[in-house]
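My notes follow below the view.

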Amino acid sequence: MKPTLAELTRVFFRIGVLSFGGPAAQIALMHKELVEKTAWIKDKDFLGALSFCMLLPGPEAMQLATYAGWKLRGTLGGLIAGLLFVLPGASVILVLTALYVSFGQLHSVQTAFVGVKAAIVVILAQALWSLSKRALPSAVTWGTAAVSFVAIYAFDLSFVVVIAVSAFIGALLLRTKAEPDAQTIRPRFATILPHLAVWPLLWAAPIAIVWALDQSFLTEIGLFFSKLAVVTFGGAYAVLAYMTQTVSQDFGWLTTSQMIDALALAETTPGPLILVTEFVALVSGYQAGGTALMLAAGTLALWCTFIPCFLWILVAAPYVDRILAQPRLKAALAGISAAVVGVILNLSLWFAEQTYLQAPKGTPEFEILGESISLLAVICTVVAIVALVRIKQSIPPTLLLCGVTSLVLANLF
């Protein structure tokens, strides 16, 4: 039974508002709503669509929502589902960023962020463990992950180069099977031609406009986040290290500490974690030219992050069954998935270093092998492990708990 547009809008609005906890929790929520409660989509079709979305750059949960909307109500359904998955979280990020640029330098806020960052170290470790179990089934994938880690950690190679080489290794050395129920009926090309014509123009139009207006900062924002939209295999965790290097070292828009704060805030909101790009653009715009430039940069970053997602889905959706029937393509993308494990390991080590070795002034520390370690961060890490691993608490309450714990302990010591 196909839902009405009103029913589809209601369900996907609920999904968008409640989609905390990263891709795994978001996908589980969609499965519950679309497969179990409403029975709008068969379980086999849902899992096939998930496999397809994991092959694409960009946030797989948002793209899965868009595909589900397309499957149920065509292009309009895909647009409604995708937008409702993104807009609630984007609105929250905008409010949090406004508060951050106003109060983020207060000592109490920085102290609370110590606890939040410690919790994110645990979240990253969980994400790494979960991904490695799925993405590293063989010696070749383990080797690809190890080489990717060394290439980035020791030799500072480009994320884009690592992903490209890993795809080649996967296509050459890995063997995958097609989906057992995959069909190979060729859809009519005319059905996707309008999308091929319209979406690239929509993607490029605002970048062309700011370039024509000689807005060099906004042009850089548009081009950079468009590039991210093409290379973000593995989601926000995988691309964050690359984004941090480019934003802080190449462009000088934000500091490393601000990039860590970006991930911390993105973890507290519903919607895809890749909304971290909105925070980066908003803060960069504010520092470059005040509130007006902040809003323009944030809007442009959102546009260049998510318009490509609609392009990928609406163009490729009719071909999902054929794509899942191509073992060589799946092998290349399995190589990318393995590389992402190494990339996230690099990010985790970098994030832990910034969290434990960069304590705010006036907060308690202790020494190990000549290095000063943040006592608040260590205690809050233990709190996060208990909350997330032992008690199975969700991410937002855990982040709040760790932030409050850090503030309380700082006042006690």
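## Notebook entries

I started in a loop: Lys-392 sits in the loop between helix H16 (375-390) and helix H17 (395-412). For helices I used DSSP runs of H or I with at least four residues, and for strands runs of E with at least two, numbered from the N terminus. The phi of Lys-392 is near 65°, which is positive in a residue other than glycine. Lys-392 counts as exposed because its relative accessibility is 64%. My cut-offs: buried is under 20% relative accessible area, exposed is over 50%, and partly exposed is in between, with a 1.4 Å probe and protein chains only.

Before going on I noted the ground rules. The model is predicted, so local features need pLDDT of at least 70 and side-chain atom pairs count only at pLDDT 80 or more, while totals for chains, interfaces and linings use all residues. Residues are numbered from 1 along each chain as its sequence is written, and side-chain values use heavy atoms, with hydrogens and water left out.

**Another positive phi**

I then looked up Ala-39, which is not a glycine but has a positive phi of about 55°. Ala-39 belongs to the loop between helix H2 (22-37) and helix H3 (43-53). With a relative accessible area of 52%, Ala-39 is exposed.

**Whole chain**

I counted secondary structure next: the protein has 17 helices and two strands. Along the principal axes, the C-alpha atoms fill a box of roughly 65 × 50 × 45 Å. Of the 413 residues, 53% count as buried. I also checked contacts (heavy atoms within 4.5 Å). Among contacts between residues at least 6 apart in sequence, 74% join residues at least 24 apart.

**H8 and H9**

How far apart are the axes of H8 and H9? Helix H8 (residues 193-212) packs on H9 with the axes 8 Å apart and at an angle of about 155°. Axes here are lines fitted to C-alpha atoms, for helices over the stretch in contact, and angles run from 0 to 180 degrees between N-to-C directions. H8 is therefore roughly antiparallel to H9. In these notes, angles under 35 degrees are roughly parallel, over 145 roughly antiparallel, 65 to 115 roughly perpendicular, and the rest oblique. The crossing of H8 and H9 is left-handed; that means the near helix is turned anticlockwise from the far one by less than a right angle, and clockwise would be right-handed.

From H8, Trp-203, Ile-207, Val-210 and Trp-211 meet a set in H9 that includes Leu-218, Thr-219 and Gly-222. By class, this contact of H8 with H9 has eight nonpolar, three polar and no charged residues. I took Ala, Val, Leu, Ile, Met, Phe, Trp, Tyr, Cys and Pro as nonpolar, Asp, Glu, Lys and Arg as charged, and the others, Gly among them, as polar.

I followed up Thr-219, which lies in helix H9 (residues 216-231). Is Thr-219 buried or exposed? Thr-219 counts as buried, at 11% relative accessibility. Leaving aside neighbours within four places in sequence, Thr-219 is in contact with Val-210 and Trp-211.

**H4 and H13**

Helix H4 (residues 60-103) and helix H13 (residues 291-316) have axes 11 Å apart and pack at about 160°. H4 and H13 are therefore roughly antiparallel, and their crossing is right-handed. The residues in the contact of H4 with H13 are 18 nonpolar, six polar and no charged.

**H5 and H11**

Helix H5 (residues 107-135) and helix H11 (residues 256-267) cross at roughly 75°, their axes coming within 10 Å. That makes H5 roughly perpendicular to H11. The contact of H5 with H11 divides into eight nonpolar, one polar and three charged residues. Among the H5 residues that meet H11 are Phe-113 and Lys-117, and among those of H11 are Asp-261 and Glu-267.

Ala-135 is also in helix H5. Ala-135 is buried, with a relative accessible area of 8%.
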